[in-house]
Amino acid sequence: VCCRDFSISLPKNIEALNGSCVVIKCTFEIQDRYDKTLTESDATGLWLKDGTHGVDNQVFNSSNPKPNHFRGKITGKLHKKNCTTIFYNITSNHKGIFYFRIEGSGGLKWTYKNSSSINVIDSPPKPTVQLYVEQKEVQDQEEVLEGSSVSLRCSAETLCSSPPPTLTWSSTPRIPLSESSRLQELISDLNFTATHRQHGVTFTCTITYQLQDKNKTAQNNITLHVQYSPKNTSVSVIPSSSVLEGSSVTLICSSDADPAVLNYTWSRESEGQLEQLQTGDTLTFNRTDRKHRGWYHCTAQNQHGSQNSSVMLDIQ
């Protein structure tokens, strides 16, 4: 490449956690005439803060650190044009605009105009919680059908901390965890088959950073809405399932379902045949006689299925 000029690539904005560390990813180019003089022993990287005046704004010098400089290290190889840098023990003093300067033999001295803005935060950002149903991401906490394969994914930036942060889930009895870690992202997955027992359950993911003075945490959650067919269908009888002839009796059917039960249907066994009676959650006889004796069945139904319950009515 002919006539290569000075240029630099580094992130425009960086968030750093107070008490932790921060990494500035950085690569640069120089004019090709300086390539031979940029050697491992002669290259020096400097960082200037809130201005480009070499003396007043210098906060880091890889070859000659000063007592008032920020503690840090250039982890990249300067002779390979990698200026990636880590600063330790982040405080509010690190907040500002950072400029990189390269110096070497042969008259190489250059301060790059592109900069990185570091913002120091006291609390870590919330992790991200996503819901996947049958391996497809679901937005707006839409309903999950019972029996579906569900995955809850919690992800968070590792930022820069040693040891790395950890992710933990609440409300996870007997649910297997799957964890993975990338260079800048921590991921924890909860994988399970949705059941009605998880309807309305809130799953909370917490990220914990172990800092020198104290741990710092942030959390996010998701509440699962599981649709399911009727469960726990039952029939109760008032005053009781054994009543005197001529008295009144009421049968009440109840069921747990999501969405709620669309209709209740009553039927009675008569000489081995099922006789359809009426719909609604209650069945009342104002004056009973012996013909009302027998088995009564209630069927609760919503769009996902149905369930039956029965009771024996005895007329004395």
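**Notes on the predicted model**

1. Ala-43 is buried, at a relative accessible area of 9%. Here buried means under 20% relative accessible area, exposed over 50%, and partly exposed in between (1.4 Å probe, protein chains only). Ala-43 sits in the loop between β4 (27–29) and β5 (44–49). Strands are DSSP runs (E, at least two residues), as helices are (H or I, at least four), numbered from the N terminus. Beyond its neighbours within four places in sequence, Ala-43 is in contact with Leu-38, Ser-63, Leu-78 and Glu-103. Contact means heavy atoms within 4.5 Å.

2. On the basis of the numbers: this is a predicted model, where local features need pLDDT of at least 70 and side-chain atom pairs count only at pLDDT 80 or more, while totals for chains, interfaces and linings use all residues. Residues are numbered from 1 along each chain as its sequence is written, and side-chain values use heavy atoms, with hydrogens and water left out.

3. The structure holds 13 aromatic pairs. The rings of Phe-6 and Trp-110 are stacked, because their centres are 4.1 Å apart and their planes are at 5 degrees. Rings of Phe, Tyr and Trp (its six-membered ring) pair if their centres lie within 6.5 Å; planes under 30 degrees apart count as stacked, over 60 as edge-to-face and the rest as tilted. This pair links distant parts of the chain: Phe-6 is in the segment before β1 (7–9), Trp-110 in strand β10 (residues 109–121), 104 residues apart.

4. Phe-6 counts as buried at 15% relative accessibility. Trp-110, at 35%, counts as partly exposed. Phe-6 also forms an edge-to-face pair with Tyr-112, at 6.2 Å centre to centre and 65 degrees between the planes. Tyr-112 is in strand β10, 106 residues from Phe-6. Both Phe-6 and Tyr-112 are buried. One aromatic cluster takes in Phe-6, Phe-28, Tyr-34, Trp-47, Phe-100, Trp-110 and Tyr-112.

5. Two backbone angles deserve a look. Most residues other than glycine have a negative phi, and most peptide bonds are trans. Asp-50, not a glycine, has a positive phi of about 60 degrees. Asp-50 lies in the loop between β5 and β6 (58–61) and is partly exposed, at 45% relative accessible area. Gln-135 has a positive phi of about 70 degrees. Gln-135 lies in the loop between β11 (128–133) and β12 (136–138) and is exposed, at 78%.

6. Now the cis peptide bonds. The bond from Ile-238 to Pro-239 is cis, with omega near 5 degrees. Pro-239 is in the loop between β20 (226–238) and β21 (242–243). Asp-258 and Pro-259 are also joined by a cis bond, with omega about -5 degrees. Pro-259 is in the loop between β22 (249–258) and β23 (263–270).
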